[in-house]
Amino acid sequence: MARPAAVTRMRARVLTIFSGDPNGQPAWVRALADGDDEGFFGPGSAVWEVHNGIPTVVAGIRALLMQTLHPGAMAGVHDHSRYKEDPLGRLAGTVRWVLTTTFADRARATEVCQQITRLHEKVRGDYAGSDGAPASYSAVDADLIGWVHCVFADAFLGCHETWGGPIPGGADAYVDEWATAGRLMGMADPPRTRDALHAAIASYRPVLRRDDRVDDAVRWLRRPPLGPGAGPVYRIFFAGAVASLPPEYRRMLGLRRPWWPAITATRIGLGIMRRLLGTESSSMAYTKARLDRLAAASVDR
């Protein structure tokens, strides 16, 4: 049965937002069918379960909110990112990194992380430290690599636990598996359990702060220019991301938990998006094609 035209247009808009392609099949997604192994994780892994889930939509917002609290990370975004001029391009780049690292073969996953590292080598500069004196930053500093890895892992895990299903092996299995991505990005000793992850984030508390740059980024994240169709849905997801944050970080960001049931509204919105996009993503379809090819080749040998 054909979809109504309005639903087809909305689906194409959503897929463009997240992948840069109205069919959800840009070149990097199609490339998931290539390769000679199942990747760093594979079927049945905690990472596959979490990253193939629709709550990752909200997790991206939550991770970006948390990132702003580190002055070095915020300076890098302020000085080098084009998120205001090309928000969808930046979002699609982040989605590409997450899904390629998650689903691609090991060589391609390693390559995409190395590409990002090479880009990050150019992201450096100075910002005003807590005492007003200049402080230098580089996106390849161990401190910033660790912060970004931890807040992404925490956001993926927290949002899946709020709106997703069971995780194979539980939360610790997810953190342990996704530590591989931290190492690929240059983190020497990523946390391996949920408690260690929370402790690692808490260790940054003396550095974290809210300033005018943070307020500006939060205002933008609250209402990015997504258009009249996607904008209202995004605002529900933003509220859900805020509601899912631990209270101490909400306070640091100057945000309040919505007075209305944002968690429930987000669950309904995610359910609608799941039906709109279908039960199997293009990323998973191309990944399964690779695994089927490898399985068939193994039988033929």
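Rings of Phe, Tyr and Trp, the last taken by its six-membered ring, count as a pair if their centres lie within 6.5 Å. In this predicted model, ring pairs of that kind join F41, W97, F152, F156 and W178 into a cluster. Across the whole structure, the search turns up nine aromatic pairs.

Take the pair formed by Y127 and Y137. The ring centres of Y127 and Y137 sit 6.3 Å apart and the planes meet at 40°, so the pair goes down as tilted; the cut-offs behind that label are under 30 degrees for stacked and over 60 for edge-to-face. Y127 belongs to strand β1 (residues 124-128) and Y137 to strand β2 (residues 134-138), so the pair ties together parts that are 10 residues apart in sequence. As for solvent, Y127 has a relative accessibility of 15% and counts as buried, the limit being under 20%. Y137 is buried too, with a relative accessible area of 4%.

Another tilted pair is made by W147 and Y204, with 5.0 Å from centre to centre and 55° between the planes. Here the link runs between distant parts of the chain: W147 is in helix α8 (residues 142-163), while Y204 is in the loop between α10 (194-202) and α11 (212-222), and the two are 57 residues apart. Both W147 and Y204 are buried.

Moving on to helix α14, this element spans residues 262-277 and contains T266. The relative accessible area of T266 is 0%, so T266 is buried. Leaving aside residues up to four places away in sequence, T266 touches V58, W163, I236, F237 and G240.

Helix α14 also packs against helix α1 (residues 5-19), at an angle of about 100° and with the two axes 10 Å apart. Angles from 65 to 115 degrees count as roughly perpendicular, and α1 and α14 are therefore roughly perpendicular to each other. On the α1 side, the contact is made by V7, M10, R11, V14 and L15, and on the α14 side by M273, L276 and L277.

Terms used. Residues are numbered from 1 along each chain as its sequence is written. This is a predicted model: local features need pLDDT of at least 70, side-chain atom pairs count only at pLDDT 80 or more; totals for chains, interfaces and linings use all residues. Side-chain values use heavy atoms; hydrogens and water are left out. Helices (H or I, at least four residues) and strands (E, at least two) are DSSP runs, numbered from the N terminus. Buried means under 20% relative accessible area, exposed over 50%, partly exposed in between (1.4 Å probe, protein chains only). Contact means heavy atoms within 4.5 Å. Axes are lines fitted to C-alpha atoms, for helices over the stretch in contact, and angles run from 0 to 180 degrees between N-to-C directions. Angles under 35 degrees count as roughly parallel, over 145 as roughly antiparallel, 65 to 115 as roughly perpendicular and the rest as oblique.
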